[in-house]
There are 4 protein chains.
Amino acid sequence: MLKDVKKDAIKRLAYIEGHLEGIRKMIEEDRYCVDVLKQTFAVRRAIERLETRLVEGHLHTCIVEGVKGGREKQVLGELVEIFSVKNPAR
Amino acid sequence: MLKDVKKDAIKRLAYIEGHLEGIRKMIEEDRYCVDVLKQTFAVRRAIERLETRLVEGHLHTCIVEGVKGGREKQVLGELVEIFSVKNPAR
Amino acid sequence: MLKDVKKDAIKRLAYIEGHLEGIRKMIEEDRYCVDVLKQTFAVRRAIERLETRLVEGHLHTCIVEGVKGGREKQVLGELVEIFSVKNPAR
Amino acid sequence: MLKDVKKDAIKRLAYIEGHLEGIRKMIEEDRYCVDVLKQTFAVRRAIERLETRLVEGHLHTCIVEGVKGGREKQVLGELVEIFSVKNPAR
């Protein structure tokens, strides 16, 4: 993994973990469900932005190396799987 | 919030937090991006299952009380918003 | 179904069908995949907006009647199912 | 676009258009909203499967050619955009 991507990913994860801790407090304090849900939606969006960064790093390293190194069938197959699993409705 | 829903939500959050910690370790250990992404997808699915439980609890308490108590415009408006924000593509 | 919702839904469907026809032409003319994908994303967004309208109409008719008419278990169960199926990742 | 992918995409579009026509009839006949929504969810899933096929074709043609032909910055940038726009929650 690229050093920059790794550093950024760790930072994003720390933010997401803090956010989840806030959600747990909201639930313990019996806060209004609608407000809790708005926060869980925000956490999912944050995870998706993390995923976009990971994919970006993956494309510029493993995919480029795989395509140039004759392993395109394998690396592109994994990419289709990621795209498809990520897919909201299956 | 219903006592059962609250207890279940706290339990699900603990699981999600543990899962995220595992993902951080994977990133720190430079594990293959594709494997990391599969785990972040799993975490998002776990958050969505938590959301379904919260919505279920919300419907059987606040929505029923709101509709019977003459505040249907407000509580149904919030529900449309939840449905729409949750909406994957906008 | 409310008359207004029905009229609006039919109108939205006509738009979506026209959009899909445009996508078919793009594919027949061998247009760039990335441009085709941007259009299919837009169609999905249009379908989701249609769904939000249908849900809104459903809440203000069937849900209100069901809750007031003692059939809340059934109508709220269906709503949880809709919320959960709609759910991007399961 | 690969000949096979093109043929498959046209076939999938025809299926999707037929499905949408069925949904329009359901709405015109005032069918139960919940049943209509289940069908719109199914249409979105069909569109997503079409997208997966288009992406797969794109990877094995344009991406491979772009990476080998020194245009990796451009083609990978487009791919990140597709991944990110496709992203359910932003």
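## A walk across the chain C and chain D interface

Start by selecting E48(D) and R44(C): these residues form a salt bridge, and their closest N and O atoms lie 3.4 Å apart. Keep in mind as you go that this is a predicted model.

**Widen the view to the interface.** The rule finds 10 salt bridges in the contact between chain D and chain C. Polar contacts across the two chains come to 14 residue pairs, with both residues at pLDDT 80 or more. Now colour chain D by helix: α1 (3-28), α2 and α3 (72-86) each give at least two residues to the side that touches chain C. Which helix gives the most to that side? It is α2(D), with 18 residues.

**Show the whole contact.** Select 41 residues from chain D and 41 residues from chain C, and you have both sides of it. The area buried between these chains is about 4,000 Å², and carbon and sulfur atoms give 72% of it. Next pick M1(D), I27(D) and R44(D), which supply 15% of the area that chain D buries against chain C, more than any other three residues.

**Look for the symmetry.** Chain D superposes on chain C by a rotation of 180° with 0.0 Å of shift along the axis, at an RMSD of 0.0 Å. That is the relation of a two-fold axis. To find the axis on screen, go back to R44(D): its C-alpha, at 3.1 Å, comes closest to the axis of the residues of chain D. Of the interface residues of chain D, 100% are also interface residues in chain C, so the copies meet through the same surface.

**Move to α1(C).** Select residues 3-28 of chain C, a helix of 26 residues that reaches 38 Å from first to last C-alpha, close to the 38 Å expected at 1.5 Å a residue. Its buried residues include V5(C), A9(C), L13(C), I16(C), L20(C), I23(C) and I27(C). What covers the buried residues of α1(C) includes α2 of chain C and α1 of chain D. Just after this helix, stop at D30(C), which takes a positive phi of about 55°.

**Finish at α3(C).** Select residues 72-86 of chain C: 15 residues should span 21 Å at 1.5 Å a residue, and the end C-alpha atoms are 21 Å apart, which agrees. Among the buried residues here are V75(C), L79(C), I82(C), F83(C) and K86(C). Which helices do the buried residues of α3(C) pack against? Show α2 (33-68) and α3 (72-86) of chain B, along with α2 (33-68) of chain C and α2 (33-68) of chain D.

Key. Residues are numbered from 1 along each chain as its sequence is written. Chains are lettered from A and ligands numbered from 1 in the order in which they are written. This is a predicted model: local features need pLDDT of at least 70, side-chain atom pairs count only at pLDDT 80 or more; totals for chains, interfaces and linings use all residues. Side-chain values use heavy atoms; hydrogens and water are left out. Copies are superposed by least squares on the C-alpha atoms of residues with pLDDT of at least 70 in both. Contact means heavy atoms within 4.5 Å. Helices (H or I, at least four residues) and strands (E, at least two) are DSSP runs, numbered from the N terminus. The expected span of a helix is 1.5 Å times one less than its number of residues. Buried means under 20% relative accessible area, exposed over 50%, partly exposed in between (1.4 Å probe, protein chains only). Buried area is the accessible area (1.4 Å probe) that two parts lose on being put together, summed over both. A salt bridge is a side-chain nitrogen of Lys or Arg within 4 Å of a carboxyl oxygen of Asp or Glu. A polar contact is a pair of N or O atoms within 3.5 Å; within protein, one must be able to donate a hydrogen and the other to accept it, and residues adjacent in sequence count only if both atoms are side-chain atoms.
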